[in-house]
Amino acid sequence: MSALLPLVLRRLARPQHPGPPRRLPSLCRPSSSGGSGCGSGEGLLGQQRLPDTQAGSSRGPSSPAPPARDSIVREIIQNSKEVLSLLQEKTPTFKPVLAVIQAGDDNLMQEVNQNLAEEAGLNITHICLPAESGEDEIIDEILKINEDSRVHGLALQIAETSLSSKILNALKPEKDVDGLTDVNLGKLVRGDAHECFISPVARAVIELLEKSGVSLDGKKILVIGAHGSLEATLQCLFQRKGSMTMSSQWKTPQLQGKLQEADIVVLGSPKPEEIPLSWIQPGTTVFNCSHDFLSGKAACVSPGVHGISPIAEDVSLLAAALRIQNMVSSGRRWLREQQHRRWRLHCLKLQPLSPVPSDIEISRAQTPKAVEILAKEIGLFADEIEIYGKSKAKVRLSLLERLKDQADGKYVLVAGITPTPLGEGKSTVTIGLVQALTAHLNVNSFACLRQPSQGPTFGVKGGAAGGGYAQVIPMEEFNLHLTGDIHAITAANNLLAAAIDARILHENTQTDKALYNRLVPSVNGVREFSKIQLARLKRLGISKTDPSALMEEEMGKFARLDIDPSTITWQRVVDTNDRFLRKITVGQASTEKGCSRQAQFDIAVASEIMAVLALTDSLADMKERLGRMVVASDKNGQPVTADDLGVTGALTVLMKDAIKPNLMQTLEGTPVFVHAGPFANIAHGNSSVLADKIALKLVGEGGFVVTEAGFGADIGMEKFFNIKCRASGLVPNVVVLVATVRALKMHGGGPSVTAGVPLKKEYTEENLQLVADGCCNLEKQIQIAQLFGVPVVVALNVFKTDTRAEIDLVCELAKRAGAFNAVPCYHWSIGGKGSVDLAWAVREAASKESRFQFLYDVQLPIVEKIRTIAQSVYGAKDIELSPEAQSKIDRYTEQGFGNLPICMAKTHLSLSHQPDKKGVPKGFILPISDVRASIGAGFIYPLVGTMSTMPGLPTRPCFYDIDLDTETEQVKGLF
C-alpha cells in the first residue's frame, strides 16, 4: 500500500489553522484498574476513558492515530482498490469520478477526500462555491453533475444549515454516495439496503462499534441533535442490530434522563455550552457525527473542552473511506447498467373491431406510452434520449459506445414484389411482424422505418405508418414533420445551393485580390485562415498558413473555384410535389448581374444529404461525407466539393440533431426507429444505418431488427444489399418478401385499376389462373434474393376477398420457387396476433447460416456494374448508354470515382424501364439516359429512361381530405 494513507492519518492529527491547537476532548470509560484521566489508559479503538469529573485532555499533533481505526480504513481502501482493479481488467478505460460540491473553505476534508480517492484509484473533482452560496446556486451545480456521464458519485460538503430538502433531493439517487436522498433512504427503510447507498457517517459508527467487539443487541442508543437522513439512517441501522434507539434534540426537557440511561450517545450536531458533560454517565461511548465536526470546523462542546474527540476523529476518517467504498459500488453499478439489460416491456392491448375502422381512427383509439417510459423499458438511459412532445424522442449516438461489446440481434429485411396501385403492405408487414415477435412471442424486436416525405402524404400515396392494426402511433405525428429531420435536410441542401450561385457571382465580378481579401478578411487587426480554408490550402498543395505569405498566383488559385455552370449537379429541394419546379431559371434579377442559368428543384428526400444521413455511421463520418459531396466541376474538369465552398461545418451544424434516430412505438407498444427517408426509385430507399446498428444492440443476442426496403425487391432490396450493407458492414439473416393475391392478379394480366373506381370482379372473386400467372413476378423476386444468398420467407398479406384456394396456391408456388417458407398474414385486421406464424417462420429461417454475398465487385468498371444489375436483377438483355451518360461515366472514372457502388434510378412499377410492363418482362434493352454521382453518399446513380426527381400532384390530391378540427386540434383525413 502506498504512503498516502499514513499521511492522511497523520494529517488529521495536525492543527489546520493558526492559533491555539485544537484540543481533543475525551469522552471515555474508566480504566479497569480504577484509574482516571485520558492519560491513564485506552479503551477499545483508542477511546479515552472518562470519569464523571473529567474536563478534557488532548492528544498532541504527533500522537499516532488509533491503530484499530487505521486497520479498518486500510482494509476498506485496499478492498475498494482491488474491486476497482477487477472492474478495470474488463474495462481498462473505466475510472470512477467523485465530484464534491463544497461551499466555503474546508481544506482538511478536501485533502482527505483527495488522498483516499487517489489511494483507491479514483478520480476526484472539487467544485468550490463561496460560503454564502444560495440554494439555487448549489442546485444548479448539482444538476450539472447529475447530467455529466463522466461522474459516478456526488458528495455535498456544505454547511448543515444549507442542506435543505430541495437541495438533497436534487441529487440523482444513483450518484448520491452519501445516502442523503429520499429515494436511497426509502430503500434502506424498506429493507433494500443492497439497492441503495447508506450514509457513510452512520455506517462508520456501526462499523467502529462492531469491529471493537461491542454487541449492540439490547443496547440503549441515544441520537441527539441529528436531523433528516442521518437521524433516520442511524435509527434504522441500530434497530436492525437489536438496539433500543431513542432520538432527541438538545432542547428536549428530558434530555438529562435520557443521557443517563444511554449506553451509547451519538451527537448529530455540536453540543451547546449549557449542556454539561456531567449529564453523561461514566462509561458511555460517545460519537460526534455533527456536520461541522466532520468537516473539521468543530464548535466548543464545553468550557475547556475544544475540537475533535478521538472517537469523532475515527468517525470522520472512516466515513471518508466508506464514501470511497460507496463510490466503487456506484462505479460497479454504472458499468453493469452500461451492459445490455433485459427488456421489461409492457405491451399495449388491442381490441380489434370488425369491420376494421380507418387507420387514423385506430391510431387515435390507442393511447401510446410516454416515450420516456418506452425508452426505459428497452434499456435506454434518461441522458440517452431527447424528448419531443409526449410520444417521440431522439436517441443519442453515445449508446453505440456504451453497448459496443453487446452481441447484435438478427437482421431481417422486408421487401416486396413489384408494386401495383393496389398496394402490397410492406410497412404493415414490418409492423405486424415486430408486434408478433415482441407482444406475442416475448422476443425483443425493433422495427426500423423510413420517415415519409410530405410529397406523397399530401399527393397521392398518403402516409406510410402501416395500416389497420399494424401501425406506428401517433400516425399523424409520424407522417407530419416528425422531429424536423427533413426540414433540416432541406435547409442544409439549399444553403449549399445558395453558396454555389453566390460564389459564381462573386468570382465573376471581382479581381483575384479583392476576392482573396474578402475571403480572408482582417478582423480586429488579425488576419487568419479558417479551419476549412486551411484544409483547402492543403488540398491545393500550399503549405503556408499566414494569409500575407501567399504569392499572387497562390492567392488566385485559392480564391477561385472556377465552377463551370453547365456542370452543376446540385439542385435546390422542397418537400412538396410541385411539377412546375422541374425546370426553372435562377439569377434573373438585375442584382445578379447576368449570372442566370437553368436549374431545377428536386423533392427533398432525393437530396444527397438525405442519402448521406441514411448511410453515415457517426457524426464525424457524416461531416466527412458532407464535405466530399461533389456539386459541379471546374473549367478544368476537376470536381468541386462542399469543402471547397467552405460550407461543410455549417451543413454539419444544421444536421447535428437530424443524425439521431427517432424513437416511436407500434399500436402494441413495441419500439420503432423512424429515421431517414430516401426514395427507392431515385435514391437507395432504405432507413438509416445508425438506426439499424443501435436497434441491433438494443435487442441483443436472440432479438430481431426488422427494416424495410422501398418498392420491389429488384430496387429497394438490391440497393439494401449492394449499397447499405457495404456501408454498414451488417449481414442480413432473412428476407421477408411481401405479396398480395390481388397484386399478383394484376401481374398475371388483370385489368387496370383506377383510383376511386370500384375494383373489377377479377380482383374480388376467385381466379386461380390469374393468381398462377402473376406468381411469375413473385418467383422472380425470390430468385433475386437468392442471388445474395439470403433465405426468403414470403408474407402473404390476406384481404377479406381472398379465398383459401388462392392463398394456398400462392404459398405453394412460393415454396416451389425456393422460398424457405410462405405464410398468410392477418395483422391488418387483428394486429400482431395475426402474424405469429410469420414470426415463427422468420425465427426458424434466421437460425440457418447466412451465405450472404454482394452481387458485384465495386472495382469493376461503372458500365459493367450497371450491366450486371440490369441483366441479373431486372432480366434485361443489355443496356444502352446515351452519349451524355457515357460522357459522365468517363468523367467520373477519370476523377477517381469509378469504384463506387451503383444506385439505379428507375421506375418502381416494372422490372423494366416501362411502367406498364407487368409480370416479368424479357428481352428488353435498358436505356441509361444520364449518370450522376453522389460522392458524399458514396454511390453512382444512373438514370434509366425518363426519371423525374420531382413528383407532381394528381388531379385530386390527398390534401382534399385532410383537415383540422379547430376545437380538438385533431387531424382528419390522413391515411
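**Terms for the views.** A residue is called buried when its relative accessible area is under 20%, exposed when that area is over 50%, and partly exposed in between, with a 1.4 Å probe and only protein chains taken into account. The model shown is a predicted one, in which local features need pLDDT of at least 70 and side-chain atom pairs count only at pLDDT 80 or more, while totals for chains, interfaces and linings use all residues. Residues are numbered from 1 along each chain as its sequence is written, and side-chain values use heavy atoms, with hydrogens and water left out.

**View 1. The whole chain.** The chain has 35 helices and 32 strands, where helices (H or I, at least four residues) and strands (E, at least two) are DSSP runs that are numbered from the N terminus. Of its 975 residues, 57% count as buried. The accessible surface comes to about 40,100 Å², and 51% of this surface belongs to carbon and sulfur atoms; such areas come from the Shrake-Rupley method with a 1.4 Å probe, and for residues only the protein chains shown count as cover.

View 2. Asp643 forms a salt bridge with Arg539, and their closest N and O atoms are 3.7 Å apart. This pair links distant parts of the chain, since Asp643 lies in helix H24 and Arg539 in helix H20 (residues 531-539), 104 residues apart. A salt bridge here is a side-chain nitrogen of Lys or Arg within 4 Å of a carboxyl oxygen of Asp or Glu. Asp643 counts as partly exposed because its relative accessibility is 22%, and Arg539, with a relative accessible area of 43%, is partly exposed as well.

**View 3. Helix H23 and its cover.** In helix H23 (residues 619-627), the buried residues are Asp621, Met622, Arg625, Leu626 and Gly627. What covers them includes helix H22 (608-615), strand S21 (639-641), helix H24 (642-645), helix H25 (648-655) and helix H27 (713-728). The side chains of Asp621 and Arg625 meet in a salt bridge, at 2.8 Å from N to O, and these two residues of H23 are 4 residues apart, about one turn of the helix. Asp621 counts as buried because its relative accessibility is 17%, and Arg625 is buried with a relative accessible area of 9%.

View 4. Leu441 lies in the loop between helix H15 (426-440) and strand S11 (445-449), and it counts as buried because its relative accessibility is 17%. The C-alpha atoms of Leu441 and Lys833 are separated by 9.5 Å, although the two residues are 392 residues apart along the chain.

**View 5. A patch of negative charge.** Glu132, Asp136, Glu137 and Asp140 gather on the surface in a patch of negative charge. In such patches, residues have over 30% relative accessible area and no salt bridge, with like charges joined within 9 Å and nonpolar side chains (Val, Leu, Ile, Met, Phe, Trp, Tyr) within 5 Å. Lys and Arg count as positive and Asp and Glu as negative, while His and the chain ends are not counted; the place of a charge is taken as NZ of Lys, CZ of Arg, CG of Asp or CD of Glu. Asp136 lies in helix H4 (residues 135-146) and is exposed, with a relative accessible area of 52%.

Notes: Contact means heavy atoms within 4.5 Å.
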